[in-house]
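Visitor: I would like to learn how to read a structure like this one. Please take me through it feature by feature.

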Amino acid sequence: MGCGRSAAGAARAEARPVSYQGGWTVIEETDRQNTALLVHYSPTNRVSVGLRSEWDRRADLLTNGVQATGLLHRWFGEDYQANLYALGGIGATQAVDGSRRGSAPAGWIGGIADWETRRFSSPTRRAG
């Protein structure tokens, strides 16, 4: 289960995969094949847990489940910050749009890395 991110413009907002302690975040991602929504809560500033829903339009599959994300490492420089996260989830995948595939258990793991300054952010995500 993968999702890509594209660079929009200078005025875009970027949600974080782990928020401040007690924070809630909503992240929506869309590309040519998938649309995903993640609503998560961060009990600490290093971990988030939440619900994820992703629609794979090409395969006509909808996956819903619970996802956990953890901050593995954070680097600080004089004018930048970089972060490395690991994520994983479990749930179920079901056919949509009249497909006869039925439903099945689902699981996914992945990672996110980002590098940012006060002006630029470059998130990269890979999940499988």
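Visitor: Is glutamate 29 buried or exposed?

Guide: Burial is judged from relative accessible area, with under 20% counted as buried. Glutamate 29 has a relative accessibility of 4%, so it counts as buried. Bear in mind that this is a predicted model.

Visitor: Where does glutamate 29 stand, and what is opposite it in E2?

Guide: Glutamate 29 lies in strand E1, and alanine 36 in E2 stands opposite glutamate 29. E1 covers residues 23-30 and E2 covers residues 34-44; the two run antiparallel and are joined by eight bridges. The chain passes from E1 to E2 through a hairpin of three residues.

Visitor: Which side chain meets that of glutamate 29 in a salt bridge?

Guide: For a salt bridge, look for a nitrogen of a Lys or Arg side chain within 4 Å of a carboxyl oxygen of Asp or Glu. Here the partner of glutamate 29 is arginine 52, at 3.9 Å from N to O. Since arginine 52 belongs to strand E3 and glutamate 29 to strand E1, the pair ties together parts that are 23 residues apart in sequence.

Visitor: How many salt bridges does the structure hold?

Guide: It holds two. Besides the one with glutamate 29, arginine 52 forms a salt bridge with glutamate 54, where the closest N and O atoms are 3.1 Å apart. Arginine 52 is buried at 4% relative accessibility, and glutamate 54 is buried with a relative accessible area of 4%.

Visitor: How do E2 and E3 pair?

Guide: In a regular strand, side chains alternate between the two faces of the sheet. To see a pairing, look at which residues stand opposite each other. E3 spans residues 47-56 and pairs with E2 in the antiparallel sense, over nine bridges. Valine 39 stands opposite leucine 51 in E3. A hairpin of two residues joins E2 to E3.

Visitor: Which residues is serine 42 in contact with, leaving aside its neighbours within four places in sequence?

Guide: A contact list shows what surrounds a residue. Serine 42 is found in strand E2, and its contacts are Val18, Ser19, Tyr20, Gln21, Gly22, Gly23, Val47 and Ser48. One of these residues, serine 19, has its backbone nitrogen 2.8 Å from a polar atom of the serine 42 side chain. Serine 42 has 0% relative accessibility, so it counts as buried. Sequence and space can also be compared: serine 42 and alanine 68 are 26 residues apart in sequence, and their C-alpha atoms are 9.6 Å apart.

Visitor: What is the phi of aspartate 60?

Guide: Phi is a backbone angle. For aspartate 60 it is near 55°, a positive value in a residue other than glycine. Aspartate 60 lies in the loop between E3 and strand E4, which covers 61-76. With a relative accessible area of 23%, aspartate 60 is partly exposed.

Visitor: Where does pLDDT stay under 50?

Guide: Where pLDDT is low, the predicted coordinates should not be read in detail. In this model that concerns residues 1-13, where pLDDT stays under 50. The model has 27 contacts beyond four places in sequence for residues 1-13. The protein chain has a mean pLDDT of 85, and 81% of its residues reach 70 or more.

Conventions
Residues numbered from 1 in each chain as written. Predicted model: local features only at pLDDT ≥ 70, side-chain atom pairs only at ≥ 80, totals over all residues. Heavy atoms only, no water. Pairing = 2+ DSSP bridges. Helix = DSSP H or I, 4+ residues; strand = E, 2+ residues; numbered from the N terminus. pLDDT = per-residue confidence, 0-100. Contact = heavy atoms within 4.5 Å. Buried < 20%, exposed > 50% of the residue type's maximum accessible area, 1.4 Å probe, protein only. Polar contact = N/O pair within 3.5 Å; in protein donor to acceptor, adjacent residues only side chain to side chain.
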